[in-house]
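Dear colleague,

Please find below the structure I promised to pass on, together with its sequence. My notes on what turned up in it follow directly after.

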Amino acid sequence: MADVVVGKDKCGEQRLVSLPLSRIRVIMKSSPEVSSINQEALVLTAKATELFVQYLATYSYRHGSGKEKKALTYSDLSNTAEESETFQFLADILPKKILASKYLKMLKEKREDDEEEHDNDDSDDDDAES
């Protein structure tokens, strides 16, 4: 593992990971099941996270519109989360962006549908009583 070097820390020493280990430790300790964290487990979790993010970004870039623009966009990531079975679990975290006006229109239509259902339920109850 020592031959996988990403960068250097403040003291000039070589580091195996780029993500801040203290932040990862805080996230891991936020779980009630975790009481202590081994340093090796912390480094492995950080490295696995880096590799996952790299794979997600590369996949999204290759399968999205990023190739034409030579850039990775949020919509590339959200499309990947929605369309790829591998990344389906990220769909709630990376939702597709919609305009506020479109959202308000969808919300209004949903309310109207709910009111129609409610009205139909009331008329069905009236028919049953007759």
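D114 and K110 sit 4 residues apart in helix 5, which is about one turn of the helix, and the two are joined by a salt bridge whose closest N and O atoms are 3.5 Å apart. Please bear in mind throughout that this is a predicted model. D114 is partly exposed, its relative accessible area being 38%. As a general point, side chains of opposite charge can pair when their charged atoms come close.

The count of salt bridges comes to 2, and the other partners are E50 and K47, whose side chains meet at 3.8 Å, N to O. These residues belong to helix 2, where a spacing of 3 residues puts about one helical turn between E50 and K47. With a relative accessible area of 15%, E50 is buried, since buried means under 20%.

Returning to helix 5, which spans residues 100-129 and contains E109, you will find a negative surface patch made up of E109, E112, D113, E115, E116, E117 and D119. E109 itself is partly exposed, at a relative accessible area of 40%.

The aromatic side chains deserve a separate paragraph. The structure holds 5 aromatic pairs. In one of them, Y55 and Y59, the ring centres are 6.2 Å apart and the planes stand at 45°, so the pair is tilted. Both residues lie in helix 2 (residues 39-63), and because they are 4 residues apart there, about one helical turn separates Y55 from Y59. Y55 is partly exposed, with a relative accessible area of 46%, and Y59 is also partly exposed, with a value of 24%.

Y55 pairs with F87 as well: here the ring centres are 5.6 Å apart and the planes are at 35°, so this pair, too, is tilted. Because Y55 lies in helix 2 while F87 lies in the loop between helix 4 (74-83) and helix 5, the contact ties together parts that are 32 residues apart in sequence.

Which residues make up the aromatic cluster? F52, Y55, Y59, F87 and F89 form one cluster, so that the tilted pairs of Y55 with Y59 and of Y55 with F87 both fall among its members.

Conventions: Residues numbered from 1 in each chain as written. Predicted model: local features only at pLDDT ≥ 70, side-chain atom pairs only at ≥ 80, totals over all residues. Heavy atoms only, no water. Patch = residues over 30% accessible without salt bridge, like charges linked within 9 Å, V, L, I, M, F, W, Y side chains within 5 Å. Areas by Shrake-Rupley, 256 points an atom, 1.4 Å probe, with all protein chains shown as cover. Salt bridge = Lys/Arg side-chain N within 4 Å of Asp/Glu carboxyl O. Lys, Arg positive; Asp, Glu negative; His and termini not counted. Charge placed at Lys NZ, Arg CZ, Asp CG, Glu CD. Helix = DSSP H or I, 4+ residues; strand = E, 2+ residues; numbered from the N terminus. Buried < 20%, exposed > 50% of the residue type's maximum accessible area, 1.4 Å probe, protein only. Phe/Tyr/Trp six-rings, centres within 6.5 Å; stacked < 30°, edge-to-face > 60°.
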